[in-house]
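Here is a two-chain model to read alongside a few questions. Please look at the structure first, and then follow the answers one at a time.

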Amino acid sequence: MDIIHQKKIWFSISAAIILVGLVMALLTGVNAGIDFTGGTLMEFELHQSASTDEIRSITDAFDTSASINFIGSDQTTLQIRTIEDLDHSERMEVFRELETRYEITEDDFLRAEQFGPAIGREIRDRAFLSMLIAAVGMLIYITFRFEFSFGIAAIIALFHDILVVLAVYVIFRIPLNSPFVAAMLTVLGYSINDTIVVFDRIRENRKTMKKFDFEQLATNSINQTIKRSVYTSLTTLVMILALYIMGVPQIREFALPLIAGIVSGTYSSIFIASPVWVMIKERTKDRNKMFAKA
Amino acid sequence: MKAKGLIAFVIIVALAITGVLAAVNGLQIGGAEITPVRDSIKQGLDLKGGVFVVFEADTTATGQELDQLINQTIQVFRRRVDAMGLTEPTIVQEGDRRIRVELPGVEQVQDALDMIGKTAQLQFVTPDGEVVLTGSNVTDAAPTYVDREPNPVVRLELDSEGTRSFSDATGRYLGEPIYIILDDEVISAPIVQDQISLGTATISGNFSIEEASNLAALIRAGSLPVTLNEVQTSTITASLGVNALNRSIQAAKIGIALVFLFMLLIYRLPGLVANIALTIYVLLVLAIFISLNATLTLPGIAALILSIGMAVDANVIIFERLKEEMSNGKTVRAAVDSGFKRAFRTIMDANITTLIAGLVLYQFGTGPIRGFAVMLIIGLVVSLLTAVFITRVLLKLLISTNLFKNPRYFGV
């Protein structure tokens, strides 16, 4: 398969996904998690179904924009998310109201998460800083072990993966939160891992395939490693899919971006990183020729 | 050589199986005992249930003054938490004015949060608004029963200053109420019948025995020296956590089984070897994780499962190389040697770049995310050992038996 030659197709596919994400983000906004914005999340097992309006009559006293959902297999677990951060006594007021109406006990107050707005800002800033540091660290390592052109191509592929996963988040309206950052960093690691395997082959083939141009070199290297790329993504995907299907909501939140990231990471290592590397090499080669003429 | 190789191989496999059994069920050899992984691994709040809360001191104090306030607060917290009889609480200062409290395994999470967060300022106030006693005058507090009172009461022992002041007040306000106020809330207002100069006082209310002992514990621990705001909380009931753990273990089992099957189908003999190495890998990662006394969290489990996928990756790289070398006409033995050699560099580079992400996560992440990073880092390092060296040793042992010369065994 001549992957490099059809690079326009691959670039277009990625651009389309990212564009849809961008348009959706502009239209509907991003669903930021409470650990980034500050706020409260509470879950109660009601053992019965209830109407959103009934619940809203309780929560309106605390936050009129609270989001109310029913989750769990029977849809009897009430999940309340507020932008206001409610402290323990306020949360207990909500609980007391529910206690009298639905006869639940304290054991049914399954979980509560609360973040003050200042903490949210700190967590968010740290998250972005850590992604930046990780990317720079990888760029330095790859430049050191390979050469700068590989480093740049790998980082572009990484950037692609971040945008694609972000687009998935926006399109499916999954909250951006701390697990998102951890998942994102893993995706970075995984994606670069995949890319390195292809680049490593290019580096090796350069010694033995001197008569080939960059495009053929990259194409051959991809064809030699594609089976491995697909196999490893498959084994990792099997593990994560099992987690996603079997897991509880908190772990699903984590597994979904990993799934998107692994697919995107494999895709980008084959269809983005190597074509970009060829483009960089050909451009610098032309420039060198021009220097030679002058 | 033939038989030796086979015997060594069988011994390694037997050890791996024993390891798995020990990890799942525990093991007892003579006096030594290995507890099952599930009991010996330290579980995080999200698996065990419990309370995590970060308080911020609401004060204008700075420098040494602030430090002192924070230290006093931590002391009070510690006494309160000890009164709850919890096993492994964490109470630490975070930054300048924050205190992080973690109470894993606590059963009544909301009550526990109630207990820690209360300012617990106790005051005895006369009808004229004069404060005659505060919590600092109390030397001891205990729940007890008294005559003519169906509900339990809290009995206070007073220090000398408190005894004098209380005796004086009860003398002056005979027949009038004395208000007992806890955190701006009147909890009882007994009418003074006699002057009390024995150095004791009781607080009655409609307490259950549990409420009375909680109140006594709060008074004993003292009041908080500063107002605290909750800036971050997480409470989770134990049942929710246990469910999360069970479901994750189930997911891991299914995932591992599918990966084993995949490796066997695609790579045959090396696939079998990889599966043995993978088993050893999981055992080693868990053993190191336990010996570091690291805390297993939900994201940590995700990292373990992810790292299994990545450990397989190293084997896939090696085996694909192996197949390539064999298709190029090399003998099994020569192909194994050059395959491993060439694949090792790829695996190193790939793992180190992922390691960079793991280290950054560890440095910048908090709580559960840190658990994820620790597992990822251990996983990456161990996978180099098992996927490269153990697979290689096992494969060479098998090849030395000369039983597997046909490339078919290698999926070629």
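Q: In what order do the elements of chain A run from the N terminus on?
A: This is a predicted model, in which local features need pLDDT of at least 70, side-chain atom pairs count only at pLDDT 80 or more, and totals for chains, interfaces and linings use all residues. Residues are numbered from 1 along each chain as its sequence is written, while chains are lettered from A and ligands numbered from 1 in the order in which they are written. Helices (H or I, at least four residues) and strands (E, at least two) are DSSP runs numbered from the N terminus, and chain A has nine helices and four strands. From the N terminus on, its elements run α-α-β-α-β-β-α-β-α-α-α-α-α.

Q: Is chain A compact or spread out, judged by its radius of gyration?
A: The radius of gyration is taken over C-alpha atoms, and the globule rule is 2.2 Å times the number of residues to the power 0.38. For 294 residues that rule gives 19 Å, whereas chain A has 24 Å, so chain A is more spread out than a compact globule.

Q: How far apart are the centres of domain 1 and domain 2 of chain A?
A: The bounds come from an automatic or database domain assignment, which gives domain 1 of chain A as 7–32 + 119–293 and domain 2 as 39–115. Taken over C-alpha atoms, the centres of these two domains of chain A are separated by 39 Å.

Q: How many of the 24 residues of α6(A) are buried?
A: Helix α6 of chain A covers residues 148–171 and reaches 34 Å from its first C-alpha to its last, close to the 34 Å expected at 1.5 Å a residue; the expected span is 1.5 Å times one less than the number of residues. A residue is buried if 20 or more other C-beta atoms, placed from the backbone, lie within 10 Å of its own, exposed if 12 or fewer, and partly exposed in between. By that count α6(A) is mostly covered, and the number of buried residues is 17.

Q: On which residue is the kink in α8(A) centred?
A: Helix α8 of chain A, residues 214–246, should span 48 Å, and its end C-alpha atoms are 45 Å apart, which agrees. The bend at a residue is the angle between axes fitted to the seven residues ending there and the seven starting there. In α8(A) there is a kink of about 45 degrees, centred on T225(A).

Q: Which element gives the most to the side of chain A that touches chain B?
A: Two residues are in contact if their C-beta atoms, placed from the backbone, lie within 7 Å, and the contact takes 56 residues from chain A and 56 residues from chain B. The elements of chain A that give two or more residues include α4, β4 and α5. The most, 13 residues, comes from α7(A).

Q: What radius of gyration does chain B have?
A: Chain B has 11 helices and 15 strands, and its C-alpha trace spans about 110 × 45 × 30 Å along its principal axes. A compact globule of 412 residues would be near 22 Å, but the radius of gyration of chain B is 32 Å.

Q: What percentage of residues 371–395 of chain B is helix?
A: An unreviewed UniProt entry places the feature "transmembrane region" at several spans of chain B, including residues 371–395, although such annotations may be inferred rather than shown by experiment. The end C-alpha atoms of residues 371–395 of chain B are 34 Å apart, with 0% strand, and the helix content is 100%.
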